[in-house]
Amino acid sequence: MSDGAERPRGRADDHAPTTPGWSCGSCGDEWPCATKRTRLLAEYGGDRAMLSVYLGSCLAAAAEDLRAAPVMSLQDRFIGWLPRGARRR
Ligand SMILES: [Zn+2]
């Protein structure tokens, strides 16, 4: 990612979730994808509590859409990746 400014995809680089499948709209991975996770951590400045609230709301919405998926695996996917401890750097 040296000169991404001219990329034609533009806002397709949001790594926003697509519903109802909850895959990443940019890279197609399960949302939140690795890129989105990194961005969320940066966006929330490592505030795990705030990020948990946000991801919890996403999880609730995803659980509605992905009824076939086990809730535990969804929790793991949406929230389980958060680093432990709310240490700010
Ligand atoms: Zn992505």
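1. Basis. The model is predicted, so that local features need pLDDT of at least 70 and side-chain atom pairs count only at pLDDT 80 or more, while totals for chains, interfaces and linings use all residues. Residues are numbered from 1 along each chain as its sequence is written.

2. In soluble globular proteins, nonpolar side chains tend to be buried together.

3. Ala62. Once neighbours within four places in sequence are left aside, Ala62 is in contact (C-beta atoms, placed from the backbone, within 7 Å) with Trp22, Leu74 and Phe78.

4. Trp22. This residue lies in the loop between E1 and E2, and its phi is near 55°, a positive value in a residue other than glycine. Trp22 is buried because 21 other C-beta atoms lie within 10 Å, where buried means 20 or more such atoms within 10 Å, exposed means 12 or fewer, and partly exposed is in between, with C-beta atoms placed from the backbone.

5. His15. A positive phi, near 55°, is also found at His15, again a residue other than glycine, and His15 is placed in the segment before E1. With 20 C-beta neighbours inside 10 Å, His15 counts as buried.

6. Cis peptide bonds. Thr19 and Pro20 are joined by a cis peptide bond with omega of about 5°, and Pro20 lies in the loop between strand E1 (17-18) and strand E2 (23-24). A cis peptide bond also joins Trp31 and Pro32, with omega of about -5°, and Pro32 is found in the loop between E2 and helix H1 (34-43).

7. Leu82. Located in the segment after helix H3 (71-78), Leu82 counts as partly exposed because it has 18 C-beta neighbours inside 10 Å. Leaving aside neighbours within four places in sequence, Leu82 is in contact with Arg48, Leu51 and Ser52, and its C-alpha atom is separated by 8.4 Å from that of Arg37, 45 residues apart along the chain.

Terms used: Two residues are in contact if their C-beta atoms, placed from the backbone, lie within 7 Å. Helices (H or I, at least four residues) and strands (E, at least two) are DSSP runs, numbered from the N terminus.
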